[in-house]
Amino acid sequence: MKFQGSSSYVATQDLMLAVNAAITLKRPLLVKGEPGTGKTMLAEEVAQALNMPLLQWHIKSTTKAQQGLYEYDAVSRLRDSQLADVDGGERVKDIHNYIVKGVLWQAFTAEEPVALLIDEIDKADIEFPNDLLREIDRMEFYCYETREWVRAKNRPLVFITSNNEKELPDAFLRRCFFHYIKFPDAPTMQRIVDVHFPGLKRDLLAAAMKTFFDVRGLPGLKKKPSTSELLDWLKLLLAEDISAEALHTKEDKVAVPPLVGALLKNEQDVTLFEKLVFMQGRNR
């Protein structure tokens, strides 16, 4: 079982090696990189390429590790016990009826191997990764309410993404295979664009790519535009029928491109960009 890329996702050689290394070692693949570089999409594409069902667990700041295992719905059980006359109390007697299975339980008990995405793990509390150490390592956990061990029938292929908002514990990192998705260079970016916009005119693509990398290369930007921003911008350029000539600048000067709001996402960066253009105009 090896990942060799897909027609809808441009994977570099080192990324494919990382995925296959995680498969060989039977360890989670921890993927970091700038937001918008395709970390989440990687899990989706690998699952599809390897014909595996994909379970997704999108982490929020309030997410607790226990939710990935199971939750005991005591409130529903109490309510049903007060209405026991409805079915003779048979439902209340079986505590399994009030166990809400999390994605890890579902992945462990699946009849066939599945892919599991734990998305943006760094959003949660700092103790969140530590609370999953045993489950990720041994592929088992204990359900106290039903007094049973839940063990993986098949080891899931685990993808964990992080935007580096928080440092992850060393003990957790030791259990993962790590890969950092580097920002695509121009040739790789062109391959990505070709997948999403196969009919894009070459002159528009060349002008858009130059403008994009010029904007991205500006010093002092708080948030550099990423791959997803470029794709959104190209979609808008096509929708508004913007020509390649509208993106060209004289003497290779930086200019505010059309629909710049698709590339720059905060007022500090827009202001910085406008100041740079103004200064260039004064220095002519």
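The model is predicted, so local features are given only at pLDDT of at least 70 and side-chain atom pairs count only at pLDDT 80 or more, while totals for chains, interfaces and linings use all residues. Residues are numbered from 1 along each chain as its sequence is written, and side-chain values use heavy atoms, with hydrogens and water left out. The protein holds 13 helices and nine strands, where helices (H or I, at least four residues) and strands (E, at least two) are DSSP runs numbered from the N terminus.

**Overall form**

- The radius of gyration of the protein, taken over C-alpha atoms, is 24 Å, whereas a compact globule of 284 residues would have one near 19 Å; the globule rule behind that value is 2.2 Å times the number of residues to the power 0.38.
- Along its principal axes, the C-alpha trace of the protein spans about 85 × 45 × 35 Å.
- Of the 284 residues in the protein, 44% are buried, a word that stands for under 20% relative accessible area, while exposed stands for over 50% and partly exposed for values in between (1.4 Å probe, protein chains only).
- The accessible surface comes to about 15,700 Å², and 51% of this surface belongs to carbon and sulfur atoms; such areas come from the Shrake-Rupley method with a 1.4 Å probe, and for residues only the protein chains shown count as cover.
- Among contacts (heavy atoms within 4.5 Å) between residues at least 6 apart in sequence, 74% join residues that are at least 24 apart.

**The five-stranded sheet**

- Five strands form an open sheet in the order β2-β5-β8-β1-β9, with parallel pairing; two strands are said to pair if DSSP finds at least two bridges between them.
- The edge strands of this sheet are β2 (54-58) and β9 (177-181), each of which pairs on one side only.
- From one strand to the next, the twist averages 20 degrees, with angles running from 0 to 180 degrees between N-to-C directions and axes being lines fitted to C-alpha atoms, for helices over the stretch in contact.
- Strand β1 (residues 29-33) pairs with β9 in the parallel sense over five bridges, and Val-31 stands opposite His-179 in β9.
- Helix α1 (residues 13-25) packs on the sheet, where it touches β1, β8 (157-162) and β9, and its direction makes about 165 degrees with that of β9.
- Helix α2 (residues 39-49) lies across β1, β2, β5 (115-119), β8 and β9, and runs at about 165 degrees to β8.

**The hairpin**

- Strands β6 (residues 140-143) and β7 (residues 148-151) pair in the antiparallel sense over four bridges, with Cys-143 standing opposite Glu-148 in β7.
- Four residues lie between β6 and β7 in this hairpin, and Arg-147 in the turn has a positive phi of about 55 degrees.

**Helix α12 and what follows**

- Helix α12 (residues 227-239) has 13 residues and reaches 19 Å from its first C-alpha to its last, close to the 18 Å expected at 1.5 Å a residue; the expected span is 1.5 Å times one less than the number of residues.
- The buried residues of α12 are Thr-227, Glu-229, Leu-230, Leu-231, Trp-233, Leu-234 and Leu-237, and what covers them includes α10 (186-196) and α11.
- An α-helix has 3.6 residues a turn, so residues three or four places apart point the same way.
- Asp-241 lies in the loop between α12 and α13 (267-282), and has a positive phi of about 55 degrees although it is not a glycine; with a relative accessible area of 68%, Asp-241 is exposed.

**Other single residues**

- Glu-120, in the loop between β5 and α7 (128-131), has a positive phi near 60 degrees although it is a residue other than glycine, and at 22% relative accessibility Glu-120 counts as partly exposed.
- Pro-113 is found in the loop between α6 (103-109) and β5, and counts as partly exposed at 38% relative accessibility.
- Leaving aside residues up to four places away in sequence, Pro-113 touches Met-52, Pro-53 and Asn-154; the C-alpha atoms of Pro-113 and Asn-154 are separated by 5.3 Å, although these residues are 41 residues apart along the chain.
- Asp-203 has its place in helix α11 (residues 202-216) and, at 43% relative accessibility, counts as partly exposed; its C-alpha atom is separated by 8.9 Å from that of Ser-243, 40 residues apart along the chain.
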